Amino acid sequence: MGFKLFNLGLQNWKDTQLIYHALAELSIESLVIQQTRENYICLGMFNSAKELDFDYLKRKNIPVFRREIGGGTVWLDRAQIFYHLIIRRDNPLCPIKNETFFTRFLQPVVDTYKSFGIDASIKPACDIVTEGKKISGNGAGTIEDCKVLSGSILLEFNPETFIEALSFPDERFRKAAFEQMTSRVASLSHFGIWVEEQEVRDRLIQNFSELLGDLERVEVDTRIRKTMKSLEAEKFDEEWLLETGKDRYWREIKIAEECYLFHFLRDDTQVFGRRGDNKLEEIEIIHHGNRVEKLESLLLKEQINSGKILNIIESYIPHKSEEIFRVIKGG
Amino acid sequence: MELKSADVLKVRELEFPLDRFYYRGKKSHLWVKMRDGITEVGMDAFLVHSTGYLNYISINTGEVKQGKGVGNFESAKFVSRIFSPINGKIIEVNQKALDNPRQINASPYTTWLFKIEPSNPQELEGDDFISSSIELKEWIEADLIELDGE
């Protein structure tokens, strides 16, 4: 049996998430292409709900969902075409290695971008980039006996509301997140490409079918609807939404692969910085009310995995060196 | 059951202590060790090798069924399911490993993830468990070849 195609067009926001969870529960190998009618925020399985400003979300009537798969917290709106691939873990096409999973199944998305004249490539683990900008973020995971890939093609992107909806330790962090997101994330429109949504959908389907074989166009049937309904209670449970994520003792936000902003504040020590490719691109450390500039400049010179970072911090702030080291290293 | 020796099986650069069992049901790669009637469960070297750096792990507690999900772990934006190797009850979770999952990358065999009070220890003799070093070697080699082919 080949893959099914659910080319769903516009869906209500809840269904855009429930559909692929249900298909995976039912082990229906498929490709889903769809858009959401309403804006919403989607947390990855392990993202802390504390990343969000729930007062703001309530005021603006923006709903939140926590998916069962990986990746970071994302803003989802109508100006994105979602794709979700559901494949059985025992399908010979489904690799063991997650890295290979992403490279294999993101290739049709890369090819779609290329067909619009964008020189796209995959930046491991799972970003699609061009000219140093992220143009598609993705996440994946195992649900029952299937692996699921989920991502979107951005037709347009405006991070303003998303940044407002996030909770930050201070306004400077918020401003930095906005600036980084604006400069490092781009949509098709950013490159002057304005295309019909139907055209993007058609090309995605064409490119995925070259990898998966002929796709059988089908509708969401009663069995799938029933499974979506039964998942609704579980996925909209407050405990699942608010308590599944992992809290960290520092705040970190991923802008793109190799661009993370972090902030740590405890007692008399505050650290704010930006981590790039195994290197700090920016760091500010305040200890006992004073900048520790010598420490900052030493850290900026080192590779994060060099093994020296911890020793350097130890020589300046010994009682918090382990904590600060973990913040800098991330993960 | 042959896997009771203090030896370590080496397949390429990966090591597999022979003082425990290995669970391969649901395409898992978990080690299982009985200690005073309680089963310790952790990730084997193949899983750690093929997964890369672990960022998050969660484990549920309470009654568990063999082959059913008991938790998840995330590495590089991919959330994978952890399946219970046996029926029983999870009585303890290694909070230190959950707080610092990279401890498992550094030392997979000394870092257990959770402990199960088994309802039937005989389950370790089932087909989903590797019961000889020869079988273990064949299994790991086959999976490594599959990994190479990717």
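Predicted model: local features only at pLDDT ≥ 70, side-chain atom pairs only at ≥ 80, totals over all residues.
Me: Which element of chain B gives the most to the side that touches chain A?
Reply: The contact between the two chains involves 20 residues of chain B and 21 residues of chain A. On the side of chain B that touches chain A, at least two residues each come from helix H1 (45-51), strand E8 (69-75), strand E9 (78-83) and helix H4 (133-149) of chain B. The element that gives the most, with four residues, is E9(B).

Me: What radius of gyration does chain A have, and what would a compact globule of 331 residues have?
Reply: Chain A has 11 helices and 17 strands, and its C-alpha atoms fill a box of roughly 65 × 40 × 40 Å along the principal axes. Of the 331 residues of chain A, 39% count as buried, while residues 24 or more positions apart account for 67% of the contacts with a separation of 6 or more. A compact globule with 331 residues would have a radius of gyration near 20 Å, and this agrees with the value for chain A, which is 21 Å.

Me: Are helices H1 and H7 of chain A roughly parallel or roughly perpendicular?
Reply: Helix H1 (residues 13-25) and helix H7 (residues 222-235) of chain A have axes 8 Å apart, and H1(A) passes H7(A) in a right-handed crossing. The residues that meet include Leu18(A) and Ala22(A) in H1(A), and Met228(A) and Leu231(A) in H7(A). The two helices pack at an angle of about 110 degrees. Because angles of 65 to 115 degrees count as such, H1(A) and H7(A) are roughly perpendicular.

Me: Are helices H9 and H10 of chain A roughly parallel or roughly antiparallel?
Reply: The axes of helix H9 (residues 293-301) of chain A and H10(A) come within 10 Å and cross at roughly 175 degrees. Leu295(A), Leu298(A) and Leu299(A) of H9(A) make the contact with Ile309(A), Ile312(A) and Tyr316(A) of H10(A). Their crossing angle makes H9(A) and H10(A) roughly antiparallel.

Me: Where do the buried residues of helix H11 of chain A lie around its axis?
Reply: The buried residues of helix H11 (residues 321-329) of chain A are Ile324(A), Val327(A) and Ile328(A). What covers them includes strands E14 (259-266), E15 (269-275) and E16 (280-287) and helix H10 (309-316) of chain A. Because they cover an arc of only 95 degrees around the axis, they lie on the same side of H11(A).

Me: Is Arg172(A) buried or exposed?
Reply: Arg172(A) is found in helix H5 (residues 171-184) of chain A. There are 12 other C-beta atoms within 10 Å, and a residue with 12 or fewer counts as exposed. Arg172(A) is therefore exposed.

Definitions and conventions: Residues numbered from 1 in each chain as written. Chains lettered and ligands numbered in written order. Buried ≥ 20, exposed ≤ 12 C-beta atoms within 10 Å, placed from the backbone. Arc of directions from axis to C-beta. Contact = placed C-beta atoms within 7 Å. Rg over C-alpha atoms; globule rule 2.2 N^0.38 Å. Axes fitted to C-alpha atoms, helices over the stretch in contact; angles between N-to-C directions. Parallel < 35°, antiparallel > 145°, perpendicular 65-115°, else oblique. Left-handed = near helix turned anticlockwise from the far one by under 90°.
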